[in-house]
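Open the model in your viewer and keep the selection tool handy. We will walk through it one stop at a time.

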Amino acid sequence: MSGTVLRVQDLSVRRGGTPVLERVSFSLRSRSNTALVGPNGAGKSTLVAAVLGLLPRSSCEVEILGHPLGAEGQLPRSVRSQIAYVPQNLALQRRFPLAVAEFVGFGFDSPGPCWPWHNRQGRRLAVQRALERTRCADLGQRLLSELSGGQLKRVLLAFCVVRPRRLLVLDEAQAGLDVPSKEQFQHLLLELCGQEGWTVLQVSHDLDLVLRSCDQVLCLNRWLRCSGSPDHILSPERLSEIYGPNVVSCRHQRHG
């Protein structure tokens, strides 16, 4: 499906009277994979929260799937159900005695239109399929508190894929993972994007991964400094302007 999935116009956010974001504008086309990069404190997580309606924002326009985001984050249930969010840290207490299959089932129960097969058997089959697709089939009865960091991230993807979505937002979803787990997560994410047709907005500090995986980059530091293709935006000169002269350069080559 073509068209614009997310449109943001003149987004500004203040905290305690201090500007955190100023007049940020961008759009995401359908099936694109966009990285949001910038130094610590640049406002990346704030932007994500504001776009999802989790933070108050100044007068601006945010449209998701052609529907305006209300002043208090309101969206039609049918639109909200097509958005999935993978946070840096899972919000609930991991010690809570919740099994993986139960948690993924909550993703199936997201607000949205009732499906003809929206019943107990359909729910169980959808959860089982989501766990299989994210390499978590053997984790269904495990508690969230028993999972490794890499396992937990895959379970979060199962939560996203248990029902159809259009927009996937990730806030440093790979933070805290070792290199092999990070590569496995990214490979799975790209695989699911191809299968599901997701439009992705992901906050990332891994510039090499962005260079290899994304097709658009938004460089943020309170306002949108620049945007474009990774090859063009992630040049040493651009990075020095955004991060400062001591930035560690990423590798400017794509890997097969």
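Before the first stop, one term: a crossing is right-handed if the near helix is turned clockwise from the far one by less than a right angle, and left-handed if anticlockwise. This is a predicted model, where local features need pLDDT of at least 70, side-chain atom pairs count only at pLDDT 80 or more, and totals for chains, interfaces and linings use all residues. Residues are numbered from 1 along each chain as its sequence is written, and side-chain values use heavy atoms, leaving out hydrogens and water.

**Stop 1: α3 and α4**

Select residues 100–108 for helix α3 and residues 120–133 for helix α4. Helices here are DSSP runs (H or I, at least four residues), numbered from the N terminus. The two pack at an angle of about 110°, with their axes 9 Å apart; axes are lines fitted to C-alpha atoms over the stretch in contact, and angles run from 0 to 180 degrees between N-to-C directions. α3 and α4 are therefore roughly perpendicular to each other (65 to 115 degrees). Their crossing is right-handed.

Now show side chains at the contact (heavy atoms within 4.5 Å). Among the residues from α3 are Val104 and Phe108, and α4 brings Ala126 and Leu131, among others. By class, this contact has nine nonpolar, two polar and two charged residues. Ala, Val, Leu, Ile, Met, Phe, Trp, Tyr, Cys and Pro count as nonpolar, Asp, Glu, Lys and Arg as charged, and the others, Gly among them, as polar.

**Stop 2: α3 and α5**

Select Val100, Phe103, Val104, Phe106 and Gly107 in α3, which meet Val155, Leu156, Ala158 and Phe159 in α5. Which classes do you find? There are eight nonpolar, one polar and no charged residues.

**Stop 3: α5 and α6**

Next, select helix α6, residues 179–196. The axes of α5 and α6 come within 10 Å and cross at roughly 10°. α5 and α6 are therefore roughly parallel to each other (under 35 degrees). Look for Lys153 and Leu157 among the α5 residues in this contact, and for Phe185 and Glu196 among those of α6. The contact holds six nonpolar, two polar and three charged residues.

Notes. Parallel < 35°, antiparallel > 145°, perpendicular 65-115°, else oblique.
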